[in-house]
Amino acid sequence: MTVAFDKQRFKIYIRIGIALFFLMLFRDLATYPYDQFFKRAVNNFWLISYLIVLNFILYEYTLPFFKLSVKRIVLGILFLFILIMGYSYAFYGWRHILIELGLYFPLRVATSLKEG
C-alpha cells in the first residue's frame with residue numbers, strides 16, 4: 001500500500017510555518033533581551049520544523065482516517081493518541097537530541113521531565 005504525498009499541500013504547511021516563525025521572532029524581539037535573540041531564533045526554527053511535520057501528519061493523514069466504521073475509529077483514536085504523545089513527550093526527546101548535537105540552545109536547564 002502506497003501513501004500519497006501531495007507536495008503542494010506540504011508547501012502550504014511550510015508557508016504557515018514560516019509565518020509562525022516570523023511571529024515568534026517578533027515576540028522574542030519584543031519580550032526577551034537582545035543577547036538571547038539568536039539562540040531563541042535557532043530554537044524557534046527547530047520547533048517550527050518539528051511542528052510542521054506533526055501538523056502535516058495530523059491534518060492530512062490522521063483526521064481524514066476517521067470514517068464510520070468501528071475499526072477505523074479505534075485505529076484513528078490510537079493514531080491520535082500517538083500524535084498527542086509526539087506533541088508532548090517526543091518533543092522533549094527531539095530537544096534533548098538537538099542539545100546534545102549542539103544545534104539547540106538550552107535557555108533554561110530542567111533536571112527532570114516534570115520540570116521541563
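**Conventions**

This is a predicted model, in which local features need pLDDT of at least 70 and side-chain atom pairs count only at pLDDT 80 or more, while totals for chains, interfaces and linings use all residues. Residues are numbered from 1 along each chain as its sequence is written, and side-chain values use heavy atoms, with hydrogens and water left out.

**Whole chain**

Select the entire chain and colour it by secondary structure. The chain holds 4 helices and 0 strands, in the order α-α-α-α from the N terminus. Helices here are DSSP runs of H or I with at least four residues, strands are runs of E with at least two, and both are numbered from the N terminus.

Viewed along the principal axes, the C-alpha atoms fill a box of roughly 55 × 35 × 25 Å.

Next, show the surface. Buried residues account for 23% of the 116 residues. Buried means under 20% relative accessible area, exposed over 50%, and partly exposed in between (1.4 Å probe, protein chains only).

**Helix 1**

Select residues 7–31. Helix 1 has 25 residues and reaches 36 Å from its first C-alpha to its last, close to the 36 Å expected at 1.5 Å a residue; the expected span is 1.5 Å times one less than the number of residues. Which residues of helix 1 are buried? They are Tyr13, Gly17, Phe21, Met24, Leu25 and Asp28. An α-helix has 3.6 residues a turn, so residues three or four places apart point the same way. The cover over the buried residues of helix 1 includes helix 2 (37–62).

Move to Leu54 in helix 2. Leu54 is buried, at a relative accessible area of 10%. Beyond residues up to four places away in sequence, Leu54 touches Leu83, Gly86 and Tyr87; contact means heavy atoms within 4.5 Å. A distance drawn between the C-alpha atoms of Leu54 and Asp28 reads 23 Å, the two being 26 residues apart along the chain.

Then select Asn43, also in helix 2. Is Asn43 buried or exposed? Asn43 is buried, with a relative accessible area of 6%. Leaving aside neighbours within four places in sequence, Asn43 is in contact with Tyr104, Phe105 and Leu107.

**Helix 4 and the segment after it**

Select residues 89–101. Helix 4 has 13 residues and reaches 19 Å from its first C-alpha to its last, close to the 18 Å expected at 1.5 Å a residue. Gly102 follows helix 4 and has a positive phi, near 80°.

Finish at Pro106, in the segment after helix 4. Pro106 counts as partly exposed, at 41% relative accessibility. Its contacts, leaving aside neighbours within four places in sequence, are with Arg95 and Ile99. The C-alpha atoms of Pro106 and Asn43 are separated by 8.6 Å, although the two residues are 63 apart along the chain.
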